[in-house]
Amino acid sequence: MATLLYRLGRFSFRRRGLTLALWVLLLAVVGVGATTLSGPTSNAFSIPGTESSRAMEVIAEKFGGNSDAASAKVVFTVSGGAKLTDTNRRTAIEAAVAELRKAPQVAAVADPFEAKTIAPDLHTAYATVSYTATAADVPTAAREALLAAGDTAKKAGIGVEYSGEVTRTAAESHSSEALGIIVAAFVLLITFGSLVAAGLPLLTALVGVGLGMLGIQLATGFFDLSSSTSALATMLGLAVGIDYALFVISRFRGELTAGRSGEEAAGRAIGTAGSAVVFAGLTVIIALVALAVTGIPFLTAMGVAAAGTVAVAVLVTLSLVPAILGFAGRRVLPKKRRNAPAVAGHTGKVPFGQRWAQYVLKARIPALVISLGLLVVAALPALDLRLALPDDSTAAVSSTQRKAYDQLAEGFGAGFNGPLLVVVEAGAGQAGAAAAKVQQTIAKLGDVALVVPATVNPAGDTALLTVIPGSAPTSEATKNLVFAIRDHAAGTVTGATIAVTGTTAVNIDISDKLSGALVPYLAIVVGLAFILLMLVFRSILVPLKATVGFLLSVAAAFGGLVTVFQHGHLASLLGIESAGPIVSIMPIFLIGILFGLAMDYEVFLVTRTREEYVHGAAPDEAIVTGMNHGARVVTAAALIMMSVFAGFILADDTIIKSLGFALAFGVAVDAFLVRMTIVPAVLSLLGRSAWFLPRWLDRVLPNVDVEGEQLARSLASSAGADDRQPALTRG
């Protein structure tokens, strides 16, 4: 592989104009496709085959209508001694309802006074607005008409707030990406000491992200993708795109400094650092695509889309980066070094990586104990991890959705925001009687505030009960109630089937499905890590150490996530307005992404250590040399990834905000505590046994040559043959 990449690097450098033109053409083609074929995205989550999903299909079939159609609630409130039933306020609300019925794509509006949706204290009421289309298909004009309809009520001194997916705008903020790019540019400038070298990774990463985003937009015309997909892919694409280009450009600069021509330097950089980039990219891609094992369609789609963006970042690094280096030439070097003679090694003060490695090896046991202690402390809050899908209770406190949620909870009870729908199916004409018995059973269960009498379909074979829990939708009590209804009501009536659904039940089923898939997915990722690292390092203990380190990083990331987003510590400092359960899809995504990134650092730091040891260096000497060559670049790469991920804490989307924080914290822990402290300390303690591999296993395992050692020997051999050829000719 290294030889093939070496040739690709030289070709791209030599034919840089053609390479650049091909990438521009590809961007144009995908851009046209994205413009003409793109479709809508969705914030809805569902899992085909679960009880709640099947029950939703039954409701749509037996009661008619579109179960995916959008809806919204308009919440009216007054305070003090005022009441909504006062003549002038009632008139204002009825006028607002009349305006709502005139809004575009509105199918029906339930008047609070006709539907009896007024709180007992007469301070809170709501109107339910049903639409003819899904939330993604509701146009901006309809959203604006919804928000404007409440103005009449506001003039009468009535508070008006709105909830529901249709109330959320599709506007996106790019401040998070901009902040990450600014910090990344600063780190690159310090690392390279050249504006040109600092700008190249940013340029090529933006090309890769742009192509990835256009590809995702194009895919929305053919697949159902979550609205969080683009933000996730942007986050990953920026981080790995900048880092991968950083590794290649660093190697290219080293080859130039050693006196090689630009084309040869590009070939060697892609053949060596490029090989590591391919391996690192593959680990991220495989981990993301492996999300398919969960059997959850929306999660699989998000994983594949993000993996596609990472794949584009790898291709850009291998092809476009050497082409751009061809245009930049020696300008990637600092001015004082552009015309300097070739140097064989480092001169001047001892590099940071060497000094740090020597310090860790000198105090390896204290360094190991302190690092492990910090990881354990960081991971402890993860024992209290609670999972749920986001709803209006997790929206910003200042948002209209959160205000509406709180007002409804205060007026009607905490469980009002998460009603459960119980579907009772029986023989023709028998559903009503069966539902009455089921209602009596449910009413006796704990944490039930109200069971609304059943609605029966015209055929009389299906009835629908609405159950209002006593607790909030994301509480453990409501989750227990869902399971209690399923356990107790199922055997209430002979010949009838009972199923629990509704948004709250769907979310509970999804969270349970994700929790059940977590252990198998973790086993796949850990097993993959061990096998891949065994191929790279030709060792058993080194992959085992790397895998355990990865698990420690994940545990610490979970702990940090729970501390900030669930317990609320430091939440205000990070701009997080409300604490609550962690988004259900977070753990599985965090494991997959952090796995790939952790393997990046392991490869770039430890491969050089192994190479030095194989060439005869003592174990500790090999560790110091490996850290000397890799620590500076890995430190810069980690800081860039942390800044890119941390920038997404500014995002409005709960999933992206929490994922950005968890990845930034996880990368910091993995890079600085695990890879740069625990790894050298453990390698030093293991000594020569760290690199032991049974002979039979060594023969079985293929040699992937990530460091490009075989390429180096081949090039050295070719150079020797070229040196001898003139003498043979003259003879």
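Contact, in this briefing, means heavy atoms within 4.5 Å. The structure is a predicted model, in which local features need pLDDT of at least 70 and side-chain atom pairs count only at pLDDT 80 or more, while totals for chains, interfaces and linings use all residues. Residues are numbered from 1 along each chain as its sequence is written, and side-chain values use heavy atoms, with hydrogens and water left out. Helices (H or I, at least four residues) and strands (E, at least two) are DSSP runs numbered from the N terminus.

**The sheet and the helices across it**

- Four strands form an open sheet in the order S2-S3-S1-S4 with antiparallel pairing, where two strands pair if DSSP finds at least two bridges between them.
- Strands S2 (106-110) and S4 (159-163) stand at the edges with a single partner strand each, so one side of each is left without a neighbour in the sheet.
- From one strand to the next, the twist averages 20°.
- Strand S1 (residues 71-77) pairs with S4 in the antiparallel sense over five bridges, and the bridge partner of Val74 in S4 is Tyr162.
- Helix H16 (residues 400-412) lies across S1, S3 and S4 and runs at about 105° to S4; axes are lines fitted to C-alpha atoms, for helices over the stretch in contact, and angles run from 0 to 180 degrees between N-to-C directions.
- Helix H6 (residues 140-148) also lies across S1, S3 (124-131) and S4, running at about 160° to S3.

**Helix H19**

- Helix H19 (residues 503-537) has 35 residues and reaches 49 Å from its first C-alpha to its last, close to the 51 Å expected, a span defined as 1.5 Å times one less than the number of residues.
- A kink of about 35° lies at Leu518, shortly before the proline Pro520, the bend being the angle between axes fitted to the seven residues ending there and the seven starting there.
- Just after H19, Arg538 takes a positive phi of about 50°.

**Aromatic pairs**

- A search of the whole structure finds nine aromatic pairs, meaning rings of Phe, Tyr and Trp (its six-membered ring) with centres within 6.5 Å, where planes under 30 degrees apart count as stacked, over 60 as edge-to-face and the rest as tilted.
- Phe13 and Phe252 form a tilted pair, 6.3 Å centre to centre with 40° between the planes, and both residues are buried (under 20% relative accessible area, with exposed over 50% and partly exposed in between, for a 1.4 Å probe and protein chains only).
- The rings of Phe550 and Phe595 have centres 5.6 Å apart and planes at 70°, so this pair is edge-to-face.
- Ring pairs link Tyr126, Phe412 and Phe416 into a cluster.
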